[in-house]
Amino acid sequence: MGTQEFQNKLMSLQGNLLNFALMLTSNRDNAYDLLQDTTLKALDNESKYVDNTNFKGWVFTIMRNIFINNYRRVARTATVVDQTEDLYHLNLSQDSGLETPEGSFGVNEISAAIDEFPDEYRIPFSMHVAGYKYNEIAEKMNLPLGTVKSRIFFARKKLQVRFADYR
């Protein structure tokens with residue numbers, strides 16, 4: 001594909017790309033910025049495009065990846081790192097919700113629901129909630145990794161069903 005044909009194809013997709021950008025960002029100005037970044041990146045990477053590839057899919061993937069990278073960058077910069085000498089900010093009390101009767105009732109109710117699970121679901125789920133990784137649970141319980149993932153998944157689903165109207 002020649003440079004002129006590449007540019008024409010890219011320009012013909014601008015309306016579709018803008019709609020996709022609006023869907024991703026929910027903001028007109030950010031959508032235009034995303035569209036511009038995508039167009040520039042596609043033009044810069046024209047040499048990487050292979051002729052037998054879906055052009056529209058290629059450009060939309062570029063846009064989606066730019067959006068994800070920008071989102072991650074914003075999330076990273078919004079993270080507060082406590083650099084005080086005595087970690088003052090980390091030692092501030094956090095609102096856990098347990099101080100309110102509703103908060104403690106919710107935790108007790110959820111714990112009781114987990115305790116009602118059969119051991120084959122309760123143990124891997126409790127270990128996962130405690131911070132164990134899937135492969136660590138599999139080793140400790142002497143189970144295949146897929147079985148552990150499946151049991152944790154089903155335990156989550158049971159909790160979601162039981163507490164579907166909980167708020």
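The model is predicted, so local features need pLDDT of at least 70 and side-chain atom pairs count only at pLDDT 80 or more, while totals for chains, interfaces and linings use all residues. Residues are numbered from 1 along each chain as its sequence is written, and side-chain values use heavy atoms, with hydrogens and water left out.

**Overall architecture**

- The secondary structure of the chain comes to 8 helices and 0 strands; helices (H or I, at least four residues) and strands (E, at least two) are DSSP runs, numbered from the N terminus.
- Read from the N terminus, the order of elements is α-α-α-α-α-α-α-α.
- Of the 167 residues in the chain, 26% are buried, where buried means under 20% relative accessible area, exposed over 50% and partly exposed in between (1.4 Å probe, protein chains only).
- Among contacts between residues at least 6 apart in sequence, 58% join residues at least 24 apart; a contact means heavy atoms within 4.5 Å.

**Helix packing**

- Two packed helices are described by the angle between their axes and the distance between the axes. Axes are lines fitted to C-alpha atoms, for helices over the stretch in contact, and angles run from 0 to 180 degrees between N-to-C directions.
- The axes of helix α1 (residues 3-12) and helix α3 (residues 28-44) come within 11 Å and cross at roughly 160 degrees, and the two helices are therefore roughly antiparallel. Phe6, Gln7, Leu10 and Met11 of α1 make the contact with Thr39, Ala42 and Leu43 of α3.
- The crossing of α1 and α3 is right-handed; a crossing is left-handed if the near helix is turned anticlockwise from the far one by less than a right angle, and right-handed if clockwise.
- Helix α2 (residues 14-25) and helix α4 (residues 55-78) have axes that come within 11 Å and cross at roughly 30 degrees, so this pair is roughly parallel. On the α2 side the contact is made by Asn16, Leu17, Phe20, Ala21, Leu24 and Thr25, and on the α4 side by Lys56, Val59, Phe60, Met63, Arg64 and Phe67.
- The crossing of α2 and α4 is right-handed.

**Aromatic rings and nearby charge**

- The structure holds 9 aromatic pairs. Rings of Phe, Tyr and Trp (its six-membered ring) pair if their centres lie within 6.5 Å; planes under 30 degrees apart count as stacked, over 60 as edge-to-face and the rest as tilted.
- One of the pairs joins Phe117 and Phe125 in an edge-to-face arrangement, with 6.4 Å centre to centre and 75 degrees between the planes. Both of these residues, Phe117 and Phe125, are buried.
- A cluster of Phe6, Tyr49, Phe55 and Trp58 is linked by ring pairs.
- The charged end of Lys158 sits over the ring of Phe117, 5.6 Å from its centre, and Lys158 also lies over the face of Tyr121, at 4.2 Å from the ring centre. A charge sits over a ring if NZ of Lys or CZ of Arg is within 6 Å of the ring centre and within 35 degrees of the ring normal.

**Individual residues**

- Thr38 is found in helix α3 and counts as buried because its relative accessibility is 0%. Neighbours within four places in sequence aside, Thr38 is in contact with Val59, Ile62, Met63 and Ile66.
- Phe154 belongs to helix α8 and is partly exposed, with a relative accessible area of 42%. The C-alpha atoms of Phe154 and Phe125 are separated by 9.3 Å, and these residues are 29 apart along the chain.

**Positive phi values**

- Most residues other than glycine have a negative phi.
- Ser26, in the loop between α2 and α3, has a positive phi near 60 degrees. Ser26 is exposed, with a relative accessible area of 65%.
- Asn142 also has a positive phi, of about 60 degrees, although it is not a glycine. Asn142 is found in the loop between α7 (134-141) and α8 (145-162) and is exposed, at 70% relative accessible area.

Note on methods:
Angles under 35 degrees count as roughly parallel, over 145 as roughly antiparallel, 65 to 115 as roughly perpendicular and the rest as oblique.
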